[in-house]
Amino acid sequence: MIQETREQFIHLFEKEPLMVVSPGRINLIGEHTDYNDGFVLPAAIDKKIVYAIALNNTRQCNVHAVFINETVSFQLEDVKPTPGWINYLMGIVYQLQERGLEVQGFDCVLAGDIPVGAGMSSSAAVEGGLVAALDHIFKYGLDRMQMALIGQKAEHTFPGVKCGIMDQFANLHGKKDQVMCLDCRSLEFEYFPFNFPDYKIVLCNSMVHHSLASSEYNVRRLQCEEGVKAIQVNHPAVKSLRDANMDMLNEVRAELSDKVYDRCNYVIAEIQRVQDATALLKKGDLQQFGELMYATHEGLSKLYEVSCPELDFLVSLAKERKEVAGARVMGGGFGGCTINLVKADKVDEYVSFIKSRYQDRYGKEPEVYVTVIEEGVSIID
Ligand code: GLA
């Protein structure tokens with residue numbers, strides 16, 4: 001794909017581009033914890049966005065998106081929220097300009113194989129790839145965390161999703177065969193190997209497009225903040241759900257709506273679960289780790305209400321199978337993928353089982369991706 005994208009660029013713009021590979025991500029556990037100052041356990045994967053990009057000595061940016069065969073242009077003096085996929089790129093350009101970092105006109109071809117709306121962070125990959133490309137070209141000297149924060153701000157201000165830092169972080173910090181445990185408050189993180197040669201990471205795409213994701217996502221965030229405000233009355237030191245525990249939450253139960261109570265209940269449990277899960281993973285106990293994934297799914301489905309019948313069905317299928325250590329909905333939710341840890345020698349069997357049962361139930365075939373953990377954003381010389 002890298003070579004093809006380069007050739008397409010040369011064909012369209014008649015010069016040699018810089019190539020940038022920008023991956024999607026998985027998250028093993030820790031969902032909706034990032035914007036609550038909790039922990040996450042993501043990794044970059046082999047599904048990716050590819051950029052071919054070069055300056056054009058004008059004040060105009062021309063971007064050709066291969067996946068819909070469309071070229072969109074914008075002026076550097078007129079960068080504002082704009083409908084469509086170009087919004088993600090304009091958001092980055094805007095945030096760079098906001099920081100006084102100079103951007104000049106560029107030509108660019110954008111290709112990729114990250115399914116959109118599947119919970120694999122195609123948008124963070126578009127953002128992270130562009131910020132890294134422009135940093136390389138203009139020598140801003142940004143570090144990877146600064147780039148991730150720029151991507152997150154772009155997402156807040158242009159598409160308007162008040163996301164946490166996980167996706168942009170994972171996209172820019174990924175390392176081959178390593179998962180990352182990120183403390184979303186301090187932004188400290190550690191790598192450790194995902195060393196389970198007997199298992200594969202299998203993503204099952206429900207093919208339900210998560211259209212509710214942005215609006216409902218922001219609602220979840222507000223509900224968490226509402227819970228924090230109530231807890232703060234008795235416990236002023238609590239700055240986010242990271243600092244809260246179930247006793248604190250129960251003290252204010254009567255003041256909270258059932259929904260807000262359930263949301264906070266899920267998050268408090270999940271932040272603890274990530275820490276327990278990380279310890280299990282380091283010990284090599286994938287079976288117990290998988291049990292925690294199922295517990296996360298239960299919470300996301302019943303308390304946080306970001307699942308849907310199709311995703312619940314996919315997880316219930318996983319539970320029937322001995323070759324699966326654990327499964328759950330991954331990412332923001334409302335559609336997209338489940339992540340499944342599956343015995344390597346049983347993957348084919350499992351995939352045909354999932355496909356046929358899902359087809360019987362919903363009349364459509366889920367796409368299944370057997371992924372591997374890869375490097376984060378890479379500049380290819
Ligand atoms: C989306 C957001 C992330 C994170 C997840 C849920 O992917 O972009 O910041 O909140 O949802 O864990």
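Which backbone N or O atom lies 2.9 Å from an oxygen atom of the ligand? That atom belongs to G164.

## Basis

The model is predicted, with pLDDT of at least 70 needed for local features and 80 or more for side-chain atom pairs, while totals for chains, interfaces and linings use all residues. Residues are numbered from 1 along each chain as its sequence is written, and side-chain values use heavy atoms, leaving out hydrogens and water.

## Ligand contacts

For G332, a backbone N or O atom is 3.3 Å from a ligand oxygen atom. The ligand on its own has 300 Å² of accessible area (Shrake-Rupley method, 1.4 Å probe), of which the protein covers 92%.

## Surrounding shell

The residues around the ligand (a heavy atom within 4 Å of it) are R25, E31, H32, D34, Y35, C163, G164, M166, D167, Y217, G331 and G332. Four of the shell residues are nonpolar, four polar and four charged, with Gly counted as polar.

## Domains

Two domains make up the division of the protein chain: domain 1 (2-194 + 375-380) and domain 2 (199-220 + 262-371). These bounds come from an automatic or database domain assignment. Over C-alpha atoms, the domain centres are 25 Å apart. Contact (heavy atoms within 4.5 Å) between them takes 35 residues from domain 1 and 41 residues from domain 2. Each domain also supplies at least three residues to the shell around the ligand.

Note on methods:
Polar contact = N/O pair within 3.5 Å; in protein donor to acceptor, adjacent residues only side chain to side chain.
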